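Please open the model in a viewer and follow the selections below in order. Each stop gives a selection and then describes what is found there.

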Amino acid sequence: MGSVAEQKLMAKDEMEGMDVSTEQLPSYLQQSDAVRERFAKIQQREVILEVKQLGKTYESAQGKVVALRDVNFSIHRRELVCVIGPSGCGKSTLIRMLAGLEPHTSGEVLLDGKPVDGPGSDRGMVFQGYTLFPWLTVKKNVMFGPEMNNHGKLEAERNALMWLDLVGLSKFADAYPHQLSGGMKQRVAIARALVNQPRILLMDEPFGALDAQTRIKMQTHLLDIWKNIDVTILFITHDLDEAIFLADRILVLKAHPGEVQEFIEVPVPRPRHPGQISSAEYLATKARLEELIHPPVEVSEDDEVKPHMIRFTNIVDNVE
Ligand SMILES: Nc1ncnc2c1ncn2[C@@H]1O[C@H](COP(=O)(O)OP(=O)(O)O)[C@@H](O)[C@H]1O
Ligand SMILES: [Mg+2]
């Protein structure tokens, strides 16, 4: 078994066949000394992002839709926070409001203590869809932001090459987006967001369209980048494993209306590695997330609807 990605995939496959009894697991609230110390240190760092009583109601032809209600949380400098929740619980709405792309209807968002009321270069965005300009080379895509912000062309080019090097794409500086794989395109998107030196990187399911193996490589790659630079990350996903692998803390939202259910400190120690997927801390966290995202449904045998079988064959020899 070769790469780390392959090993993690294998670990996942093995897990699915295992009957892991959640009763034997420790509580996800139980933290080792090292993990507790790490959280204590993070909490001493300054608060970068503060979200207070944030709400969003959309007015649509069908009437009002309360997408988010009374959302409160804050994130410290260099924290990596994942947001999870069922489809439609308001994850994209939240991140678009933090980016300043969508107005909120109540509450406020403070970045470094200043209210967010529109887009700004202090926030970098990476979306799921590939948002590179197809007519520009990789390097020109990354230079675009700095050039718009009136940095000189030479400086913009130097910075672009530095960030392309950091995401491992120096060799592709002169390639066009259509010549790259999905994972490479997202690496360019990360370089393009980071070149503006944002205070916070906002990522909305950035690896959602990638195949499982590329996705795991990208997660490891993102952690490597994050380790080396001073950036705070807010990462939206609906993949529980992705959230546990990446996050310091996981903000769990519930749907209709979108509200904060719990803000979980991930007890899995850093540095993270794929083998941790079968550790007690990992499984305890996963069990808690499952409980929050997929609460047990009370079903009685009487609710079961008998399948209605229709014969779609006219072969009449009755041999099955
Ligand atoms: N532009 C819009 N107009 C009306 N309703 C919207 C709009 N965008 C999102 N919604 C609704 O708001 C809720 C949250 O959507 P969204 O933020 O996209 O959720 P998620 O990203 O968690 O899947 C959903 O019920 C969705 O239908
Ligand atoms: Mg979404």
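Begin by selecting strand S1 (47–60), strand S2 (63–76) and helix H3 (91–99): in this predicted model, each of these elements supplies at least two residues of the shell around ligand 1. The greatest contribution comes from H3, which gives three residues to that shell.

Next, display ligand 1 together with its surroundings. The residues around ligand 1 include Tyr58, Ser60, Val65 and Ala67. Coloured by class, the shell around ligand 1 shows seven polar, four nonpolar and one charged residues.

Return to strand S1 and select Gln53, which is located in that strand. Phi of Gln53 is near 45°, a positive value in a residue that is not glycine. Gln53 counts as exposed because it has 12 C-beta neighbours inside 10 Å, and the exposed class extends to 12 or fewer.

A cis peptide bond joins His256 and Pro257, with omega at about -5°. His256, although not a glycine, has a positive phi of about 50°. Is His256 exposed or partly exposed? With 13 C-beta neighbours inside 10 Å, His256 counts as partly exposed.

Finally, select Pro271, in the loop between S10 and helix H9 (280–293). Here a cis peptide bond joins Arg270 and Pro271, and omega is about 0°.

Note on methods:
Residues numbered from 1 in each chain as written. Chains lettered and ligands numbered in written order. Predicted model: local features only at pLDDT ≥ 70, side-chain atom pairs only at ≥ 80, totals over all residues. Near = placed C-beta within 6 Å. Helix = DSSP H or I, 4+ residues; strand = E, 2+ residues; numbered from the N terminus. Nonpolar A, V, L, I, M, F, W, Y, C, P; charged D, E, K, R; others polar. Buried ≥ 20, exposed ≤ 12 C-beta atoms within 10 Å, placed from the backbone.
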